[in-house]
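Thanks for making time this morning.

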Amino acid sequence: MKDFFKFTLASLLGNLIGLVLITTMGIGGLIFLIIMSASQDSGPQVKDKSVLVFDLSLSVSDTGPNPSTSEALQQALSENTPTEIQLRTLVQSIDQASKDDKIIALYLQGTNSPTSAGLANLKEIRQALQRFKESGKTIIAYDMDWTAPEYYLASVANQVIVNPLGSLDIKGLSSQVMFLTGALEKYGIGVQVTRVGKYKSAVEPFLLKKFSPESRQQTQQLLGNIWGEWLRTIAPSRQVTPQQLQAFSNTEGILLANTALKAKLVDQIAYGDEVVTNFKKITGESQEEDKQFRQISITSYSKLPEVAKNNSGDKNSDNKIAIVYAEGEIVDGKGTSTQIGGDRLAKELRKLRLDEKVKAVVLRVNSPGGSATASEVIGREIELIRKQKPVIVSMGNYAASGGYWISMGADKIFAETNTITGSIGVFGLLFNIQDISNQNGITWDIVKTGKFADIQSISRPKTPEELAKLQRIVDLIYERFVSHVATNRKLPKTKVQEIAQGRVWSGSQAKQLGLVDEIGGLDAAIAAAVKKANLGDNWTLQEAPKPRSLEERILENLAGENTTATTPVDPLTQEFLRLKEELSTLTTMNDPKGIYARLPFNLRIE
């Protein structure tokens, strides 16, 4: 009888709460609560003698997944494995697994899709894999065809396995750029350029029909530097010399499975099912065909509380080290979720400057550049923060032009050896469609109140006087850029002028030139921030802005807030943005900055 009353009361109370929720929130609100409940689970579980599976098809970026609200909702209700992961989360997971007694091995599972992780990110991942191996645990890597980026990671493994019909790509790096000059001339599209920096090659595809000598020189040196680092890193792991690897690159390019085995670049030739059978033996699983070995994906493992705490300081500390991610093209205004909006990032940095609990800021930069004015807005906030607390920059895959502008004011700059940086130069790219329009019967007429009122028109070329005025603006911005570098980096201005000129450098070259201070990744930058702020062990990490949960996204939408305001783009730029997407697979190292998306009348530092 006692239980009867207890359950009856609970039922009545539940019905009453449900009635109140429906009345106050409506059916939509109740559905929202149901969705939230469905999205919560007890978290991943790690069984004894498990294998950590790192699928190399995972997309790795600094900020990690950034889905829309609908995509986030779909993911929450789906059982599909996530396809993206944050770089630091990935590295933390590998490091935690090296100390986890339940994880006995790591499986590097290759993919037929090219890995999306950039060069510098790959280096940080490889270093984490090396630490895992040095902990005494086994890494086994398998793929049908090993691409050069994947093999860069796989070469650290205890066992590198390839499919009998597979191959190993070590043909090297190349840079092929499509030059549009002939087509633009043929169809009557005019191009005018204002720029400073003889190595500022982003405009060359619109002006020339092949590489300029300066562009060829810098591209050859950059590729050679990055490829040399690839050779020097892999050679010791495979117990060969860099010269032997280069010989295979020159004579074979792509090694078939038997050749790769004979060259000792792989350890075994096997099928995927044979690899699975081997893992079953390691984990002690049944050998039945329909049974999988005991495993946990790295995306699931990353959700464990102990992984999040790894290398994140003392969560009970009030002293915060803030990590701010600047990833994407630098644009004026707020920008989109894949851009660095100058106003948006400056506002975030301002909050951190005024927050007394934030004792140091680590700015992670992964940007090819963009708007000069937006870069200046961000750079000013870095300057103001530095007056109050330490600022450390960690450069990712790219920190060039505008990416370097927002970095140079830091107390200390870290870069990886294969980070692409520098490109200290300015240009303006000016299109006009007068000829093609006239050929098709289109003409313009204009009424204006000032001589230069139509300087932004695409209907005609700029006059010599207009070009001279625009060039003066470019010269002024370049002079400011060079002066800032000289002041912040404590370098003679003459030296900065010599190493600037729009030239790109690898991280190792940049260190030699004084453009960066140390070679190292994000964790090294965090350690430097802790040391600079004299915090000892009394600190905790804070990501800024904090990633929004699904619940926060939905509540934001219900409140009518919009955090992804776009920057208006003119019609001609929209067309070039479309062209950029179509040509993205054809442009490589010479243009890591997306030359086909230049704003026609906006001065760029890319």
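This is a predicted model: local features need pLDDT of at least 70, side-chain atom pairs count only at pLDDT 80 or more; totals for chains, interfaces and linings use all residues.

**Helix packing around α4**

Let me start with helix α3, residues 87-99, and α4, whose axes come within 8 Å and cross at roughly 10°; axes here are lines fitted to C-alpha atoms, for helices over the stretch in contact, with angles running from 0 to 180 degrees between N-to-C directions. Since angles under 35 degrees count as roughly parallel, over 145 as roughly antiparallel, 65 to 115 as roughly perpendicular and the rest as oblique, α3 and α4 are therefore roughly parallel to each other. The contact, meaning heavy atoms within 4.5 Å, is made on the α3 side by Leu-87, Leu-90, Val-91, Ile-94, Asp-95, Ala-97 and Ser-98, and on the α4 side by Asn-121, Glu-124, Ile-125, Ala-128, Leu-129, Arg-131 and Phe-132. By class, nine of these residues are nonpolar, two polar and three charged, where Ala, Val, Leu, Ile, Met, Phe, Trp, Tyr, Cys and Pro count as nonpolar, Asp, Glu, Lys and Arg as charged, and the others, Gly among them, as polar.

Residues are numbered from 1 along each chain as its sequence is written, and side-chain values use heavy atoms, with hydrogens and water left out.

Turning to the other partner, α4, residues 119-134, and helix α7, residues 213-238, have axes that come within 12 Å and cross at roughly 15°, so α4 and α7 are also roughly parallel to each other. Here α4 contributes Leu-119, Lys-123 and Arg-126 to the contact, and α7 contributes Ile-226, Glu-229, Thr-233, Ile-234 and Ser-237; these divide into three nonpolar, two polar and three charged residues.

Is Gln-220 buried or exposed? This residue lies in helix α7, and Gln-220 is exposed, with a relative accessible area of 57%, given that buried means under 20%, exposed over 50%, and partly exposed in between, with a 1.4 Å probe and protein chains only. Its C-alpha atom is 8.8 Å from that of Ser-174, 46 residues apart along the chain.

How values were computed:
Helices (H or I, at least four residues) and strands (E, at least two) are DSSP runs, numbered from the N terminus.
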